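User: I would like to learn how to read a few features of a protein model. Please take them one at a time.

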Amino acid sequence: MFRKSKVTEGTATGQAPDAENGKEVGIKKKSRVPGVMITQFIETLPEGKSHPDFTRKPIALTIQEGKFAFFKAIVTGDPQPTVTWSRNNGDVSDTSRYQTKYDPNSNEHTFEMPNVKSDQADTYKCFATNEYGQAVVTVVLNVIAVGFKKDKAQKQEAEAPDGNFKTVLKRKSKIRPKSEQPARKEGEIDPKFWELLLSADKKDYESICTEFGVTDFRWMLKKLNEMKKEREEEQAQFIKSLSNLKPIEVKADGTASFEIDMDLIEPSSSIFIYKDGEMIPYTKELGDKMKHSLNKVGKKYIFSLRDLMPDDAGLYQLDVEDVNIFSTEFKTDKNADKGKKSVRKTTRAGGSGIDLQKVAEEQQVKLEKQREEKKQQIKATAAAPPPETPPAPAPTKAEPKAPKDPEPKIETEPAAVADPAAVEVVSTDSEITCGLSDIYALRGNPAELAVKMSMDCDGTWFKDGEQLNSGSRIPITKEGTSHKLTIQSCGDEDSGLYRFVSGDHSTQGKVTVGGVPEFDPDDLHKFSKPVIVRVGQNAAFKVPFPPQESLVVSWFKEGTELKDGGGVKIVREPSHSRLLLRDCLRTDTGEIKIQLKNPFGVVEAASKLIVLDRPGPPEGPVETVETTSSIIEIKWNPPKDDGGSAVTNYITERQQAGQSLWTKLGDVSADKTSFRDRNVTHGKKYNYRIYAENPEGLSDPLETAVSIMAGAMILSGPPGTPTLVSASKTCIRLTWTPPEDDRGVPIIGYQLEKRKKDTNQWIALNAANEPIEDVNYAVKDVTEGAEYEFRVSAINESGSGDPSPPSEMVCAKNPNMRPCFKDPEDFIVVRAGNSVRVNICYEAEPPPHITWLKDDEPISPWVNVINTEGMSQLVIPSSKRSDSAIYSIKAKNSVGEASFDIEVRVTDEPKTPGPVEIEQTVHGKVAISWAPSPDQELDDRLYYVVSQHDSNTRVWKTVADRLFANTYTANNILPGRQYLFRIYAKNDMGLSDPSQSPTWGINNNRVPISSRGVNSSEHCFERPPSILVPLKVHTPPKGYKVYMTCAVRGCPAPTVSWYLNDVCINSDNNFYITNSFGVCSMFILRVRSIDSGDYKVVAVNPLGKAECSTKLIVRD
């Protein structure tokens, strides 16, 4: 499925013990998701590649039997990891019970179990694997039988093999259900004892020990501390904090509950409740009728038990995932009274009539008999000690196999039928008041073992089961109740298990002889040399030492112990230890110390880590030593941190105030921390910055806090008082005069200030570093109707000078003015049916009264007029041709009035002209005529366009445009070709569809031409001039363009002249006059009032004269 790797501690490149042998190693990695274990198969990942990891891990699930159970996970990695699932006790190959799915859209891997059964409750694992590593996460599935069938659960537990209780319920608690509890041997402690102690207060230790018959408190406390440390490490995987542990107690409302304050690392972690090792179901809903409930209020968890019954007594435990958090024992009255009945209740219960004094005497005789039997056993042991461990008294149950943690002495007494307080039993045996304990002794040093008894008595010493006698090297002494064994000079042969026996009591302790750890002098000298690296590099330390037992290796940096993880990697081997600091920073510089510790002492070795980096910035502030009109001298202090190597020099740069360019001034040697700048201009301000440089590079700069001026500050005199140029509601324009006395320093600009009426605050309108270069300014930051006064000050290199006297109060409002229109349009064309919008902008003060007229008449009611400040809008929602007219707007106020005319033409695309006829009049010419378009009478701006097509070129080309007549003479009609003509009507909306002529070709409609033969007859084409299309009357508004046209015919071609009021205007440049094959046109670009009058066209040839006239009326 994936490559198996040997998982070792992660080391730096080349330091792994298997790397040199070519073996593949696995490096443990830390995931951002708690509970995920990652193993990287190779030391260095290729660029862009990554090992697998979980972004979403499966969540533990507790579900009812028969429901649909599933786990979901999302993994990342490049290349894409392969995801597989497994369980601890069983396989997942049965597809009818286990189904694996993957959704490529959400990138979710799903493991489904339809109709889940109780035998599927287990710990499952999800593996994500690619060629660079593997990520594993575990998740627990708990299945509750329908209705919580305890009989079925108990049956399954009974069928479980001995010692394999985890296949039924996987948890770390030592408490098993009653049906699974094996028979305990005499003197063996109930596991419930330790679970209760781990969650109890210290004040309750004595009562718990009394209940379970434990008397060796010293051993109990030592063992308990070790178990607490292990339990806290397990709990740290799932909880952040744990406090306020309140044991279970009965409330006034008849319920029992216990409370704890617990902060979970993962809020989704599963919580389980057990009673005597069996999981019990509970509800999280308030008011639910289930017997057990677990409610959460903030960080407080409250477990409640209702409808109390005698069967509810037992040990209750709360687990998070598979780690026990809290244990408490619940006792009902039935349990509480067992073995603790008072004298009153015993003598009166059921009228038994038992004689308590007699019972006490019988019990005393029995105890004395047992003591005599034990004394005989001890005497026999002393006479012939066995080669192995001597037998211990029954209550002690001590075993020499575990000298460090001797089992406690358990007092087993027959069950009493009366209250022990009512019968006093007097003991005459001596007891051990201070016993032996394990000790560690240095070679060559003395060691002493001491035992104190409650009364003067004899005792015997044993070592590894052999009796010891007093001698010169190991004297044995007795002083009253104290017994001592002294080893004058400890050697390796003195190590062993020592036991002291007195009567039926004994105590033992282990003596271990050894020495303080040592370093090889050559290795110590090599380690003491400093390690020098650059920032970002790795630093490695390695120290060999002789292999020893119980050796604890610790690394320290500046007195703080280093832990494995993050950028620190610690490798501990039997014969050496390595420290690797990855990606070192400058702050990592300091003393590195290794400590070897065993029970006999501690030895340390120190080295030094130096991380080279750029120096820190020079120490400020920058002080000004001297400033004159030509010199500025500054000084500074060396940097606090030189980066691990000495500063070689300093680099200074300068910037003129108000500019962005920094200029390098030069280098300064490291022994000098001052600089004199001689290239300065009097009155100007400068900023300086200084860099420190060492072999690793430049430091960050030290900059001056404020600009330094060259020479003394000389400010300019006040300018003239600002005067008003113009004022409006949005802008006030001011001007002023330069100061009379600039005091010898050039002025670079001005600063203008304003003050609102009835206030005392002057507000600057421009910053001092952005001076006004001219002596006038437009103030736009004003409020309409407010009054302001202004003052101005001159700015030179030293700063802003004295302000001028304030100006007079100026009101921000528009001056009274006659209405005027701003850039209006005088002609608008709109397609019929569309809305007409005429926008006219104007200026006037005070606001004018607006009136709209149509052809000098009031506008219709359906025409909307919208007036806003500075603009009036005329809107016709749905226009018709009848809306075409001259619209006039009039604006009038107290100062005057103004008007403007806009021609609105509502039109549509023209209709097609009528049929086309062709007639040849002379050789090479044809006369084309057509019926007018139906829109000609409705639109005086309609004209015609003629296109021609011949059989030679086979393309259509426009031969005539802007024809206001219904005829046209085509020239250059060549024989032997066929011609077609199209007539278009055109207006402001565009072209109409064409009207096409019949084909004019080789034999069509030819006019006979006489030859010079006998049969030829002469034809004359000469005729006097005639007007085919007369001139029309025009009444345009002033400023509009005018286009007049007429059609003239005659042979020979007549001479055409234009007259205005009987004055020929052919040579007047104000009129553009053309004559194209009889179509005479006159164009006025912008008509004036003087252009009004009578216009006449006169056509003259040798055969006669023709004329037509019209009027032009120009409206204001």
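User: Which residues form one aromatic cluster?

Analyst: This is a predicted model. One aromatic cluster is made up of Phe-71, Trp-85, Tyr-98, Phe-111 and Tyr-124.

User: How many aromatic pairs does the structure hold?

Analyst: There are 24 aromatic pairs. One of them is Tyr-440 with Phe-600, an edge-to-face pair at 5.6 Å centre to centre with 85° between the planes. That pair links distant parts of the chain, 160 residues apart: Tyr-440 lies in strand β21 (residues 439-442), and Phe-600 in the loop between β35 (590-598) and β36 (601-612). Tyr-440 is partly exposed, at 39% relative accessibility, whereas Phe-600 is buried at 16%. Another pair, Tyr-943 and Phe-964, is tilted, with 6.0 Å centre to centre and 50° between the planes. Here Tyr-943 belongs to strand β65 (residues 943-950) and Phe-964 to the loop between β66 (956-963) and β67 (967-970), 21 residues apart. Both Tyr-943 and Phe-964 are buried.

User: How do I read a helix such as α4, and which of its residues are buried?

Analyst: An α-helix has 3.6 residues a turn, so residues three or four places apart point the same way. In α4, the buried residues are Trp-219, Met-220, Leu-224, Met-227, Arg-231 and Gln-235. They lie on the same side of α4, because they cover an arc of only 125° around the axis. The face turned away from that buried side carries the exposed residues Arg-218, Asn-225, Lys-229, Glu-232 and Glu-233. Among the elements covering the buried residues are α2 (191-199), α3 (205-212), β12 (239-250) and β19 (323-330). As for length, α4 (residues 217-235) has 19 residues and reaches 26 Å from its first C-alpha to its last, close to the 27 Å expected.

User: Is Asp-122 buried or exposed, and what does it touch?

Analyst: Asp-122, in strand β10 (residues 122-130), is buried, with 8% relative accessibility. Leaving out residues up to four places away in sequence, Asp-122 touches Arg-87, Asn-88, Asn-89, Val-139, Val-140 and Leu-141. The side chains of Asp-122 and Arg-87 are joined by a polar contact of 3.0 Å.

User: How many disulfides does the structure hold?

Analyst: A disulfide is a covalent bond between the sulfur atoms of two cysteines. The structure holds zero disulfides. Take Cys-1108: its closest cysteine sulfur, in Cys-1046, is 4.5 Å away, too far for a bond, the cut-off being 2.5 Å. Cys-1108 is buried, with a relative accessible area of 9%, whereas Cys-841 is partly exposed at 31%.

Terms used:
Residues numbered from 1 in each chain as written. Predicted model: local features only at pLDDT ≥ 70, side-chain atom pairs only at ≥ 80, totals over all residues. Heavy atoms only, no water. Buried < 20%, exposed > 50% of the residue type's maximum accessible area, 1.4 Å probe, protein only. Helix = DSSP H or I, 4+ residues; strand = E, 2+ residues; numbered from the N terminus. Expected span 1.5 Å × (residues − 1). Arc of directions from axis to C-beta. Contact = heavy atoms within 4.5 Å. Polar contact = N/O pair within 3.5 Å; in protein donor to acceptor, adjacent residues only side chain to side chain. Phe/Tyr/Trp six-rings, centres within 6.5 Å; stacked < 30°, edge-to-face > 60°.
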